[in-house]
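Please keep the 3D view open as you go through the points.

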Amino acid sequence: MATAGLYRRSLPSPPAIDFSSAEGKKIFSEALQKGTVEGFFRLISYFQTQSEPAYCGLASLSVVLNALSIDPGRKWKGPWRWFNESMLDCCEPLEVVKAKGISFGKVVCLAHCTGAKVEAFRTNQTTIDDFRNFVMKCSSSENCHMISSYDRGVFKQTGSGHFSPIGGYNAERDMALILDVARFKYPPHWVPLKLLWEAMDSIDQSTGKRRGFMLISRPHREPGLLYTLYIKQCCKDESWVNIAKYLKEDVPRLVSSQHVDSVEKIISVVFKSLPSNFNTFIRWVAEIRITENAKENLSAEEKSRLNLKQVVLKEVHETELFKHIKKFLSSVGYEDSMTFAAAKACCQGAEILSGCSSIEFCCREVKCVNGAVEVEGTLVTGVVVRDGSEQNVDLLVPSTHIDCEYGPEATYPAGNDLFTVLLLALPPQTWSGIKDQALLNEMKQLISMAFLPTMLQEEVLHLRRQLQLLKRCQENKEEEDLAAPAY
């Protein structure tokens, strides 16, 4: 009986030359001698086949991010932090990508969201000579990789728009090596660079814009250590839209229209108008471990991260803005329950550890044990329940101590410091509508980056970058604005 479906395609040659053919090996050997396949070895070490027919953009990005050893900052499966296609959903829902594919601008948006350094160009924004120089640059380095968006039809291949990393360059023959992520269809192959340019210099019918290429390298700074916007869901999610509108439009209007005569009054009008789901928008980054794995001592990496988180937390608590916010929240009876916060964090961690975002989790028997880890901090243990089954998880919580009348008091990441860092991350012009000049000057000083310690500056810049990307995404400007977010 015949088996339905397709098994691979024959690579049209010319114009392409199969990487594993005698000629393909010769071209590679020539490039190796000239030092223009240095990036190949990193890429091939982390190479993967796209898991869905329309996931070429997501697979290409996963390969490049893993090859650059960029830490996603969240777990993929089990205890492992690793980029996978399923984690790249902050700019376009995975269901949409699976059905329709993804545009050049959306892949660039995703690359920015991961914290990578990204330079992106459509063909009408550069020249073939510049492109050749960029190919040479990335092919000669392990620290920069290129993803190309092109039309397969130019190479006489079946299909149309496609993404794949560029794995090398032979200068004498002016040929580029395409590491095709659709390995079920075509093997890696060499193509004339001039023809690759022509394939990129085509119109994507879904956007009406030309295709192009992007250079991706490690960021100057790692993504947020302690605070992050919750970008697991697409930025066009309704709850995100409401919160973005609040931050972008409502906050400036509130501080300019309300009679504000003190910093506490500013905090009051902002806090009391927060959307109901605001607590899902910004979160502190927790270290989650399955309890069975936690029997081992903390690794040097875990100790280092926990220590750094504690430094950032202490820096937040020492800001004047935090003191104002803490005073206001105390005056309205707001209190953070460590047990409640830990339960939420444990459930979020269990969701990440399971690799499933569509299942409801609940936590019970949450316990906090001060000083239970090898460095200063708190160990939270919880039992996560899902579909009748249970999983013990541990949460490593950074903590600092402040001096009180009755002695040192442990403090943890909580609503008051989350609110503090978010206000610090809002664009400075947010407060420009304050009518009292003296109060405006005081607010400017409270939020000034110049008065923040270095690590806290980096946390705030990370959040500011995320807010800029969110704004770009919700205004549907991913295709127009490919540049890195301005701070």
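Let's begin with a helix pair: helix α11 (residues 320-331) and helix α14 (residues 437-447) pack at an angle of about 110 degrees, and their axes are 8 Å apart. The two are therefore roughly perpendicular to each other. This is a predicted model, in which local features need pLDDT of at least 70 and side-chain atom pairs count only at pLDDT 80 or more, while totals for chains, interfaces and linings use all residues. Residues are numbered from 1 along each chain as its sequence is written, and side-chain values use heavy atoms, with hydrogens and water left out.

**The α11 and α14 pair**

- On the α11 side the contact is made by Glu320, Leu321 and His324, and on the α14 side by Glu442, Leu446 and Ile447; contact means heavy atoms within 4.5 Å.
- By class, this contact has 3 nonpolar, 1 polar and 2 charged residues. Ala, Val, Leu, Ile, Met, Phe, Trp, Tyr, Cys and Pro count as nonpolar, Asp, Glu, Lys and Arg as charged, and the others, Gly among them, as polar.
- The axes are lines fitted to C-alpha atoms, for helices over the stretch in contact, and angles run from 0 to 180 degrees between N-to-C directions. Angles under 35 degrees count as roughly parallel, over 145 as roughly antiparallel, 65 to 115 as roughly perpendicular and the rest as oblique.

**The protein as a whole**

- There are 15 helices and 17 strands in the protein. Helices (H or I, at least four residues) and strands (E, at least two) are DSSP runs, numbered from the N terminus.
- Of the 487 residues in the protein, 53% are buried; buried means under 20% relative accessible area, exposed over 50%, and partly exposed in between (1.4 Å probe, protein chains only).
- Among contacts with a separation of 6 or more, 67% are between residues 24 or more positions apart.
- The protein exposes about 22,200 Å², with carbon and sulfur atoms supplying 51% of that area. Accessible areas come from the Shrake-Rupley method with a 1.4 Å probe, and for residues only the protein chains shown count as cover.

**Helix α3, a covered helix**

- At 1.5 Å a residue, the 12 residues of helix α3 (residues 56-67) should span 16 Å, and its end C-alpha atoms are 16 Å apart, which agrees. The expected span is 1.5 Å times one less than the number of residues in the helix.
- Helix α3 is mostly covered, with 12 of its 12 residues buried. Among them are Cys56, Gly57, Leu61, Val64 and Asn66.
- The buried residues of α3 pack against the helices α2 (38-45), α4 (94-100) and α5 (104-113), and against the strands β3 (144-151), β4 (161-170) and β9 (212-217).
- Just after α3, Ser69 takes a positive phi of about 55 degrees.

**Backbone details to look up**

- The peptide bond from Ser13 to Pro14 is cis, with omega near 0 degrees, and Pro14 lies in the segment before β1 (17-18).
- The peptide bond from Pro14 to Pro15 is also cis, with omega near 15 degrees; Pro15 lies in the segment before β1.
- Arg8 is found in the segment before β1 as well, and its phi is near 60 degrees, a positive value in a residue other than glycine. At 40% relative accessibility, Arg8 counts as partly exposed.
- Asp174 is not a glycine, yet it has a positive phi of about 55 degrees; Asp174 lies in the loop between β4 and β5 (175-178).

**Residues worth a click**

- Ile216 sits in strand β9 and, at 0% relative accessibility, counts as buried. Leaving aside neighbours within four places in sequence, Ile216 is in contact with residues including Leu61, Val64 and Leu65. Ile216 and Lys117 are 99 residues apart in sequence and 5.7 Å apart in space, C-alpha to C-alpha.
- Ser29 is found in helix α1 (residues 22-34) and counts as partly exposed at 33% relative accessibility.
- Glu92 is in the loop between α3 and α4 and, at 16% relative accessibility, counts as buried. Glu92 and Cys109 are 17 residues apart along the chain, and their C-alpha atoms are separated by 9.3 Å.
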